[in-house]
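Please keep the sequence and the coordinates at hand while reading.

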Amino acid sequence: MTKLAFKAILFSALFLSSSALQANLPESPQSLTDIICSDRPRVDCEVELDVPQSCAVTAGNTGTDPACPIVFFLHGSGGTINGFARQSGVHSAGYIGIYPQGEGGWNTGPKSSNSCDWDDFECPLDPDEGDFIASIISEVRAQGASGNVYAIGNSNGAALAYRLAANAGSALPIKGIVAKVTQLLESPQRSGPGMLNYNQPQSGSPAVSVLSVMGTDDGLIPYEGGSSSVFGGDASFQLMPTLGSMLTWATHNGCDGNSVVDDSFVTDHGTGQAIKYDFSAGCPSGVLLEHYAIVGGGHNAGGSSINGEKIDYVVAFDFINRVENGGVSSPVPSPVAAPVAAPVAPPTGGPCVNDPTWEGKFNTEHDCDYVNVDPNTRCRFENSDGIKASDACLEACGNCSSPVSPPVASPTAPPTSAPTPSPTSSPVAAPTGGSCVNDPTWTGKFNAAHTCDYIGEDPGFRCGWENSDGIK
């Protein structure tokens, strides 16, 4: 063998080794920042890649599962990727985890930090989220990751998950999403820079499986849709009703639009009752459409448990596994228990973990670990979405064993095999607690315009206000 031939073989081996998908130890993700973030209008750009040994691809050798699911973990507004590597669980699940950092959140609506108007689709100065995620997918594909692509997002992260799913195709081959505490936008049709910026699923694009979780009493993102304070008063941005959002996906995916409704689930948020709406009837093989309404739940409903199993990430991963198995439960029993004839008491010793995405609204270093140093003082802290540390940092704040009383209701029969027809005019709202209403006479003691409707725009901050009689 000549020296030239030997050098060529050596170079080839080095090239394959450097470009192939490499494994990393748990809690020690790799960085794609230099590859992805160069020449982008981003200040905080960072991308972490988390690859279990079972998913790695090395030169001349393929791991045990080269088609591991690829899962994006999308933080909420003001959040960071800190904590995902520690708590995502991808090494145990056998997934490839991707943790991208947004610019104080994701550019899915009007943002005061943007340089251009939201309808300037040619703007080169603001983050193009579709192209950002597409470039990450292209890179991991080039390294050998061949599995289906999923996204799990909370609040603003869920808004991006919907955006990615709505633009699914060759650049964004999204197989399924888990969207917590938001729904599709009714309008506008497009927003933000680039071509992958449609807000509703487009005709001819692939079917996408969706698991949705919403609180019926969410004061920030209304369950019934409409406007939200997160849009800064821009009336162009209107949310669909939650069930209307699911029906939109059912129509797009070619499902029959019927839903099976089961109100027998229990949760640790809201009134203690969760209602499951399953729109999967008539969908193409392997496509799932499921929604959990957390009755009485607020904007922290994404951190809830269903029948004792945390949505992050037991229920979420079970959903992904069922999509991977063609819509059929995996050999391991589903973590969400089968419906029963009547609500059962929620467990008091279930999984108790801190939310890895939660951070104080005034300092991104104020995560649950920071709260844990002084829980008596810091469990009152809030993030930019108004979610208190006491609700997000369960372990740090010692809120692990407070049982929620099951809903007081007459036993209901389990759902039959026949689907319940969905509404034809507008989706039927989930129960919102019966006699639980706002006092129409209450106003803040410093401003008569501060009514309960005003409180509902930012409940995490304003619910501590008082009227002139000292009533909060």
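Glu290 forms a salt bridge with Lys276, and their closest N and O atoms are 3.9 Å apart, where a salt bridge is a side-chain nitrogen of Lys or Arg within 4 Å of a carboxyl oxygen of Asp or Glu. Since Glu290 lies in strand 14 and Lys276 in strand 13, the pair ties together parts that are 14 residues apart in sequence; helices (H or I, at least four residues) and strands (E, at least two) are DSSP runs, numbered from the N terminus. Both Glu290 and Lys276 are buried, and here buried means under 20% relative accessible area, exposed over 50%, and partly exposed in between, with a 1.4 Å probe and protein chains only.

The model is predicted, so that local features need pLDDT of at least 70 and side-chain atom pairs count only at pLDDT 80 or more, while totals for chains, interfaces and linings use all residues. Residues are numbered from 1 along each chain as its sequence is written, and side-chain values use heavy atoms, with hydrogens and water left out.

**Salt bridges**

A search of the whole structure finds 7 salt bridges. One of them joins Asp312 to Lys180, with the closest N and O atoms 2.7 Å apart. This pair links distant parts of the chain, Asp312 being in helix 8 and Lys180 in strand 8, 132 residues apart, and both Asp312 and Lys180 are buried. The side chains of Arg322 and Asp318 also meet in a salt bridge, at 3.0 Å from N to O. Because Arg322 and Asp318 are 4 residues apart in helix 8, about one helical turn separates them, and each of the two is buried. Salt bridges that share partners join Lys276, Glu290, Asp318 and Arg322 into one network.

**Disulfides**

A disulfide is counted as a pair of cysteine sulfur atoms within 2.5 Å, and by this rule the structure has 5 disulfides. The table lists some of them, including the S to S distance and the torsion about the S-S bond.

| Pair | S to S distance | Torsion about S-S |
|---|---|---|
| Cys37 and Cys45 | 2.0 Å | about -75° |
| Cys116 and Cys123 | 2.1 Å | 70° |
| Cys255 and Cys283 | 1.9 Å | 105° |

The torsion of about -75° makes the disulfide of Cys37 and Cys45 left-handed, whereas the link of Cys116 and Cys123 is right-handed. The link of Cys255 and Cys283 is right-handed. This pair links distant parts of the chain, with Cys255 in the loop between helix 7 (242-253) and strand 12 (260-266) and Cys283 in the loop between strand 13 (273-278) and strand 14 (289-294), 28 residues apart. Cys255 counts as buried at 11% relative accessibility, and Cys283 is buried with a relative accessible area of 13%. Both Cys37 and Cys45 are buried, and Cys116 and Cys123 are buried.

**Helix 5**

Helix 5 (residues 129-142) has 14 residues, which at 1.5 Å a residue should span 20 Å, and its end C-alpha atoms are 20 Å apart, in agreement; the expected span is 1.5 Å times one less than the number of residues. Because 10 of its 14 residues are buried, helix 5 is largely enclosed by the rest of the structure. Among the buried residues are Phe132, Ile133, Ile136, Ile137 and Val140. What covers the buried residues of helix 5 includes strand 5 (70-74), strand 7 (149-154) and helix 6 (156-166), contact being heavy atoms within 4.5 Å. At the start of helix 5, a side-chain oxygen of Asp128 reaches to within 3.4 Å of the backbone nitrogen of Gly130. Just after helix 5, Gly144 takes a positive phi of about 115°.

**Backbone geometry**

A cis peptide bond joins Ser187 and Pro188, with omega about 0°, and Pro188 is placed in the loop between strand 9 (185-187) and strand 10 (209-215). Another cis peptide bond joins Asp312 and Tyr313, with omega about -5°, and Tyr313 is in helix 8 (residues 311-324).

Glu27, a residue other than glycine, has a positive phi near 65°; Glu27 is found in the loop between helix 1 (3-19) and strand 1 (30-31) and is exposed, with a relative accessible area of 52%. Val181 has a positive phi of about 60° although it is not a glycine. Val181 is in the loop between strand 8 (174-180) and strand 9, and is buried with a relative accessible area of 0%.

How values were computed: A polar contact is a pair of N or O atoms within 3.5 Å; within protein, one must be able to donate a hydrogen and the other to accept it, and residues adjacent in sequence count only if both atoms are side-chain atoms.
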